[in-house]
Amino acid sequence: MSTSQTKPSTVDVVVVGAGFSGLYLIHKLRTMGMSFRVFEAGSGVGGTWYWNRYPGARCDVESMQYSYSWDPELEQEWRWSETFAPQPEILKYANHVADRHNLRQHIEFNTRVEAADFDEASNRWTVTTSNGESISARFCVMATGCLSSPRAPEIEGADSFKGPTYHTGAWPHEGVDLSGKRIGVVGTGSSAIQAIPVIAEQAGHLTVFQRTPNYSIPARTTPMNDAYEREWKDNYAERRDIMRRTAAGNFYERAAISAQDVTPEERQQVFEERWAVGGTRFMTAFNDIGTNAESNEAAAEFVRGKIREIVKDPETAELLVAKDYPIGTKRICADSHYFEAYNRDNVRLVDINTNPIHRITPNGILAGDEEHAFDALIFATGFDAMTGTLLRIDIKGRDGQTLNDKWEAGPRTYLGLMTAGFPNMFMITGPGSPSVLSNMMISIEQHVDWVSDCLAHLQDSDIHAMEADLAAEGAWVEHANAVAHKTLHPSAASWYMGANIEGKPRVFMPYIGGVGTYRQKCDAIAANGYEGFVLNGQSPRVEAAAE
């Protein structure tokens, strides 16, 4: 790894983050001949898959679809061992890409970007790092990830526990031996749903503290089938093209009819078939599960019935059944025997709605009128999603306005790519783009390609500054909200809405209009002279910004 002493203090581009976005950006910028520096807080590449090493961590997108498409040879050579890849294998893939393309030499690890300040006179950013260095950059590209700021538990006495505590989003890289120990897990979101079955097999006793039950579909993970792999590799180009034009960036069959257009018996049969196949494609069993309350309730009640079948104790089963929000409006989970774990004699579920957590004690957790003693505590309390990492950086745009102030009432972007008042700063899969509602690899590649093409245009045209026009930004925010409210998603207190963070504005952050639709909008805007953006002080064209 190169040290900062051997790096230039003035560059064309600063990239923040070395996950899958950052790695692809390095490849593109190097090809374009632009000077750049890349800063990564961790000691290795991989982003989400570098930090999230908790037991059972794996991707909920099929392995053959969760990979880069920009290296056709790698597509053919790389072999996934399972249909849904586990975290260690995805991290291995990220490292392989970094080494295969000699990307690691460009990354400065163990270095956080602490501040970025835009100077209007020079149209340049001054980026300050944790080692005290300041770098002048024409452009700043935030490849900071959507789920990269773990949310610490807001529980009294959290620092008083005398045993070890862990967060699923910042798991020790050396691993944790939980064998025979009394373990408390706080949270039942997607990370917990993956971790709990594995922890249950290791622990002497496991107590799970649940506030909100989650819908989850069995992943049905299996070893990779040679014929299935061959089918993908023989048709990768065609399938990738289809994926780029779908709603979620995935390749699988989508129903063309409403759940209301079939008989209850036919509907049940379709749900049974999707449940048997497994994975989040269950949500595409009919074309209106996300928009029609009756269709959604039919799907939700089917899953509730499955939970009641799986969990032997009726009282525990009922606690695990989600009833207060539509299925899919919080992140739909794909699990490996999650509900079955509650049939084990060494697993107990505590409902903190009826037995609220009062505080963490030196010996464990006081919930209701019972103190639970533990040897270790695990917090599966999620992330400050979409905006958390960006807002932890002291970013100042025009007139010294901070991004925190700009987004005080919720994130405002144009296409999720830029925000008005912060020229020459791009975001990869930022709020206002499909991001977490899509196959992230598809969305990452689309954003990196668009930003790279934009940088090339600015460079070739000798345009020194580009930013989102305020009116175009407002139109896009209005459009994104209108599209979201055509669905059932805003009815749930989800992290999509920022509802898991105390005091965070309740705004639906990702763009739910679809990956294919979004791509068309981005391409049209670029083809029309980057309408809705101000280029070097030009008057903006915003006619089609929110069409």
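These are legends for close-up views of a predicted model. Local features are taken at pLDDT of at least 70 and side-chain atom pairs at pLDDT 80 or more, while totals for chains, interfaces and linings use all residues. Numbering starts from 1 along each chain as its sequence is written, and side-chain values use heavy atoms, with hydrogens and water left out.

**View A. The largest nonpolar core has 81 residues.** A nonpolar core here is a set of buried Ala, Val, Leu, Ile, Met, Phe, Trp, Tyr and Cys residues joined through side-chain atoms within 4.5 Å. Buried means under 20% relative accessible area, exposed means over 50%, and partly exposed is in between, with a 1.4 Å probe and protein chains only. Phe20, Phe426, Trp450, Met466 and Phe533 have the most contacts inside this core. Helix H13 (residues 440–460) gives the core its largest share, 10 residues. Helices (H or I, at least four residues) and strands (E, at least two) are DSSP runs, numbered from the N terminus. Apart from this core sits another one, of 52 residues, with Val262, Met283, Ala300 and Ala322 among them.

**View B. Trp450 and the residues it touches.** Leaving out residues up to four places away in sequence, Trp450 touches Leu417, Phe426, Met466, Cys522, Asp523, Ala526, Tyr530 and Phe533. Contact means heavy atoms within 4.5 Å.

**View C. Helix H1 (residues 20–32) packs on H13.** Their axes are 10 Å apart, at an angle of about 30°, so H1 counts as roughly parallel to H13. The axes are lines fitted to C-alpha atoms, for helices over the stretch in contact, and angles run from 0 to 180 degrees between N-to-C directions. Under 35 degrees is roughly parallel, over 145 roughly antiparallel, 65 to 115 roughly perpendicular, and the rest oblique. From H1, the contact uses Phe20, Ser21, Tyr24, Leu25, Lys28, Leu29 and Met32. H13 brings Met441, Ile444, Glu445, Val448, Asp449, Ser452, Leu455 and Ala456. Sorted by type, the contact residues of H1 with H13 are 10 nonpolar, two polar and three charged. In this tally Ala, Val, Leu, Ile, Met, Phe, Trp, Tyr, Cys and Pro are nonpolar, Asp, Glu, Lys and Arg are charged, and the others, Gly among them, are polar.

**View D. H13 also packs against helix H15 (residues 515–527).** Here the angle is about 0° and the axes are 11 Å apart, which means H13 is roughly parallel to H15. Ile442, Ser443, Gln446, His447 and Trp450 of H13 meet Val515, Tyr518, Arg519, Cys522, Asp523 and Ala526 of H15. That contact splits into six nonpolar, three polar and two charged residues.

**View E. Helix H8 (residues 264–277) crosses helix H9 (residues 293–310).** The axes come within 11 Å and cross at roughly 60°, so H8 and H9 are oblique to each other. On the H8 side are Arg267, Gln268, Phe271, Glu272 and Trp275, facing Ala298, Ala299, Phe302, Val303, Lys306 and Ile310 in H9. The contact residues come out as seven nonpolar, one polar and three charged.

**View F. Asn123 and Asp399 each have a positive phi.** Most residues other than glycine have a negative phi. Asn123, with phi near 55°, is in the loop between strand S4 (113–119) and strand S5 (124–129). At 16% relative accessibility, Asn123 counts as buried. Asp399 has a phi of about 60° and lies in the loop between strand S17 (394–396) and helix H12 (403–406). With 75% relative accessibility, Asp399 counts as exposed.
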